[in-house]
Amino acid sequence: MELFRVTGGTPLVGEVSVAGAKNSVLKLMAAALLAEGRTVLSNTPRILDVTIMSEVLRRLGCDVSIEADVLTIDVPSEPGTEADYDLVRRMRASINVLGPLLARRGEVRVAHPGGDAIGSRGLDYHIAGLKRMGAEITSEHGFVIARADRLHGATIWLDFPSVGATENLLMAAVLAKGTTVIDNAAREPDIVDICSLLVSMGAKITGAGTSTLEIEGVDSLRPVAHRVVPDRIVSGTWAFAAAITRGDITIRGAEPTHMEIALDKLHSCGADIHLLGPGEGFRVRMSERPKAVDVVTLPYPGFATDMLPMAITLAAVADGPSMVTENVFDARFMFINEMLRLGADVRTDGHHAVVRGKEWLSGAPVKATDIRAGVMLVIAGLRADGVTEVSDAYHIDRGYPDFLAQMKGLGADIERIAVPDDALPF
Ligand code: UD1
């Protein structure tokens, strides 16, 4: 087991660069399955989840390689049809092969992912949508098994604008016979990114970035080269880290138009935000104690649920009380238990958290429960008195390229330590 040990007291100052979005590249990799031949994805982040998804694709018969930030995927004429539990349990995004493989092969077996540390996450919208498109779906021995000779177009209303369901249904619809309409579709930049990849592959899609996607199925698609959209959650992490530590970070390569509410919250709490030129990123400076702001998570363009730990950490050191409300995942608040160990004053009631900010937190051993929770415990440790040890460091590897080097580059007093399991404090 590895942990990050961080000594508090240092503001983060300097520059970081942001690579492509984890939540986009994993789906673009799945979309590559829709066309035989070579797909090339540039601006790919070097993170553990990309390694896991590469393994998913290899087991389906693809050749996958990465050099610098360029990922190359060679897809055979008949990719395999099974994604087993061993991989799906390591990364839920593996279920994104369901739509493309069903569309291409007419048959697919994907292990049911179950829930995970941020809450129960069903597959019912994915399954109901594919059934509307003519798939027969059963669940046997922990697998979701889908079959369809040829999917057909359908009108699908999502109960909630689910990102994963929108993506899976999109990838199925592009090769279905006829027109599919997905209503109440997710509008995240990741959806716009996958639509732009699919359109350049030859798909016919309108409405990307709106609540209604219309897809006219085509017979086949061709592989293309594509640049992954910048990671707005990683960008937001550094932006909030600047405010929390009262530092000054220039975030190169970030796209501010994808995170307007998050930047507005930082502005309201007193941060100085300076936009650089188009495609260049932005700079966040904070010279005083942040003022308390209320935050409500919602599907895009609302404040991202993945940024909930950033909002809680900011509130924990802000001047005054804040109310933070989580509307997307039922167990995101697990993160709060670890923040309590750092001395944060947080009370929860249902999906609301009332946070009373403190000037300083207090360093302690804590545990990363997911990617974003893990990274924010490290950042919280910078605004804590003494030493904070964040165990289960691998969570951070899942989503943050070069995290240790970037933190050191910003002046953090941080190290990564391998610890035998029996030496852990809990
Ligand atoms: C993706 C992101 C995740 C982000 C989330 C919301 C990836 C790899 N992960 O997750 O980081 O936090 O979007 O922005 O891209 N739901 C159902 N039934 C379904 C599908 C979803 O009830 O069939 C519910 C979920 O339990 C959750 C809500 O819908 O409460 C949103 O989930 P969804 O948008 O699908 O999240 P993911 O795509 O899993």
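A cavity is here a set of grid points where a 1.4 Å probe fits but cannot get out. In this predicted model, 3 cavities of 30 Å³ or more are found, and the largest cavity has a volume of about 60 Å³. Its lining is made up of Ala21, Lys22, Asn23, Pro189, Asp190, Pro230, Asp231, Arg232, Ile233 and Arg372, with at least two residues supplied by each of α1 (22–31), α7 (189–200) and α8 (232–245). By class, this lining comprises 5 charged, 4 nonpolar and 1 polar residues.

The lining of the second largest cavity divides into 5 nonpolar, 3 polar and 1 charged residues.

Around the ligand, 20 residues form the surrounding shell, of which Lys27, Asp124, Ser162, Asp306 and Val328 are the closest. Asn23, which also belongs to the lining of the largest cavity, places a polar side-chain atom 3.0 Å from an oxygen atom of the ligand. Polar backbone atoms contribute as well, that of Tyr125 lying 2.7 Å from an oxygen atom of the ligand and that of Gly164 lying 2.7 Å from an oxygen atom of the ligand. Of the 750 Å² that the ligand exposes when taken alone, the protein buries 86%. Two or more residues of the shell come from each of α1, α5 (124–132) and α6 (163–173), and α5 gives the largest share, 3 residues. The shell comprises 7 nonpolar, 7 polar and 6 charged residues, and at least three residues are drawn from each of domain 1 (2–17 + 230–423) and domain 2 (77–222).

Note on methods: Residues are numbered from 1 along each chain as its sequence is written. This is a predicted model: local features need pLDDT of at least 70, side-chain atom pairs count only at pLDDT 80 or more; totals for chains, interfaces and linings use all residues. Side-chain values use heavy atoms; hydrogens and water are left out. On a 1 Å grid over the protein atoms alone, a cavity is a set of points where a 1.4 Å probe fits but cannot get out, and a pocket is an open set with protein on both sides within 12 Å along at least five of seven lines; lining residues have an atom within 4 Å of a point. Grid points are joined across faces, edges and corners, and a volume is the space filled by probe spheres set on the points. Helices (H or I, at least four residues) and strands (E, at least two) are DSSP runs, numbered from the N terminus. Ala, Val, Leu, Ile, Met, Phe, Trp, Tyr, Cys and Pro count as nonpolar, Asp, Glu, Lys and Arg as charged, and the others, Gly among them, as polar. A residue is near a molecule or strand if one of its heavy atoms lies within 4 Å of it. A polar contact is a pair of N or O atoms within 3.5 Å; within protein, one must be able to donate a hydrogen and the other to accept it, and residues adjacent in sequence count only if both atoms are side-chain atoms. Accessible areas come from the Shrake-Rupley method with a 1.4 Å probe; for residues, only the protein chains shown count as cover. Domain bounds come from an automatic or database domain assignment.
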